[in-house]
Amino acid sequence: MAVETAPKAPARPARRRPAPVGHRAMPRLKTTVTAAVAYVVAFIFLFPYLVMLLTSLRPQETLRDATILPTQWEWANLVNFWSSGLAGNLVVTLQVAAGSTVLVLLVALPAAYYSARHNFRGRTFFLILVLITQMFQPTAMLVGIYREFSQLGLVDSIWSLILVNGGFNLAFAVWILNAYFSSIPRELEEAAFIDGNGRFGALFRITLPLAMPGVITALIFTFIAAWNEFVVALTLTTTPENQPLTVALNSFIGQYQVDWQNLFAGSVIATIPVIILFALIERKVVGGLTAGSIK
């Protein structure tokens, strides 16, 4: 006879031991230390701007005071900026930065798209050549730049500043956009072709909307670089009305005296538009910089 055996009881799951208190506290401590270091680094970078703002609100007779906060607040310094005639120079800076950005995007978009979608002969050499041009600084070529624009009759012209700033920021824009276009699957465009779209239809309806973070990244970096440019503008412009704000602020620097409060007031006003622009599209800038890092 077969002997019946009693069914075995199911094995009890092993109980997990609670993690020690020290192990649970380590992630919190690490997060706290990281946040504290980040705040310290942010304060170090923002402290010069804070000093610039506070100095712009000091009266001239209190500039040498050792106190951090002004004992008297001179809000008129910010108003004097507009009455000093520098508002026109601010408009020139805006025109140069906007014109350079539009020029860069008009040239960089087709160049980056074509180099990302076509494996033509010399493609690698073209991209390396674009990268090499990024190594040259306008300061090293000031003499040649001035002679070239002098022969073209574009000295002391806004167009010369737009062309120079656009040319020296073009390489960065091509690299950023090339990486972003390469990260977008070709199958999306092929599906658009099947739906009846041509090359331009697929580009404007499919590819460009997906590549918008990269486009905005190229836009913001070109705009900021053209906004802050000083050396070329100082060389190519001679009329005060045609000078951008970075050059016009030198009018507060004399041979024996510097009008610090008005100089810093103009610097604060010149910094605000860039800060606002960067804050509005900061997330897309981060996405554009990491484009192409993950396949």
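Colleague: First up, is Trp75 buried or exposed?

Modeller: Trp75 counts as exposed, because its relative accessibility is 54%. The cut-offs are under 20% relative accessible area for buried, over 50% for exposed and partly exposed in between, with a 1.4 Å probe and protein chains only. Bear in mind that this is a predicted model: local features need pLDDT of at least 70, side-chain atom pairs count only at pLDDT 80 or more, and totals for chains, interfaces and linings use all residues. Residues are numbered from 1 along each chain as its sequence is written, and side-chain values use heavy atoms, with hydrogens and water left out.

Colleague: Which residue does Trp75 form an aromatic pair with?

Modeller: The structure holds five aromatic pairs. One of them joins Trp75 to Trp73, and this pair is stacked, at 6.1 Å centre to centre with 15° between the planes. Rings of Phe, Tyr and Trp (its six-membered ring) pair if their centres lie within 6.5 Å; planes under 30 degrees apart are stacked, over 60 edge-to-face and the rest tilted. Trp73 counts as partly exposed, because its relative accessibility is 40%.

Colleague: OK, zooming out. How many helices and strands are in the chain?

Modeller: 13 helices and zero strands. Helices here are DSSP runs (H or I, at least four residues), as are strands (E, at least two), numbered from the N terminus. Buried residues make up 33% of the 295 residues.

Colleague: And which residues does UniProt list for "transmembrane region"?

Modeller: The unreviewed UniProt entry lists 33-54, 90-113, 125-146, 158-181, 202-227 and 263-281. Those positions are in the numbering used here, feature names are shortened, and annotations may be inferred rather than shown by experiment. In the model, residues 33-54 are 100% helix and 0% strand, with the end C-alpha atoms 30 Å apart. Residues 90-113 are also 100% helix and 0% strand, and there the end C-alpha atoms are 34 Å apart.

Colleague: Back to single residues. Where does Arg58 lie?

Modeller: Arg58 is in the loop between α1 (21-56) and α2 (76-83). It is buried, because its relative accessible area is 5%.

Colleague: What does Arg58 touch?

Modeller: Leaving out residues up to four places away in sequence, Arg58 touches Leu63, Asp65, Thr67, Ile68, Leu69, Pro70, Gln72, Glu74, Asn77 and Gln261. Contact means heavy atoms within 4.5 Å.

Colleague: Asn77 is on that list. How far apart are Asn77 and Phe264 in space?

Modeller: 9.1 Å, C-alpha to C-alpha, although they are 187 residues apart in sequence. Phe264 lies in helix α12 and is partly exposed, because its relative accessibility is 22%. Setting aside neighbours within four places in sequence, Phe264 is in contact with Met52, Thr55 and Ser56.

Colleague: Switching to Asn178: which helix is that in, and what does it touch?

Modeller: Asn178 is in α6. It touches Ala112, Ser115, Ala116, Arg123 and Leu127, not counting residues up to four places away in sequence. Asn178 counts as buried, because its relative accessibility is 8%.

Colleague: Which helix gives the most to the lining of the largest pocket?

Modeller: α12, with five residues. The lining divides into 10 nonpolar, three polar and no charged residues. Nonpolar covers Ala, Val, Leu, Ile, Met, Phe, Trp, Tyr, Cys and Pro, charged covers Asp, Glu, Lys and Arg, and the others, Gly among them, are polar.

Colleague: And what lines the largest cavity?

Modeller: Val96, Leu161, Asn165, Ala226, Glu229, Ala233 and Pro244. The largest cavity has a volume of about 40 Å³.

Definitions and conventions
1 Å grid on protein atoms, 1.4 Å probe; cavity = no way out; pocket = protein on both sides within 12 Å on 5 of 7 lines; lining within 4 Å. Points joined across faces, edges and corners; volume = space filled by probe spheres on them.
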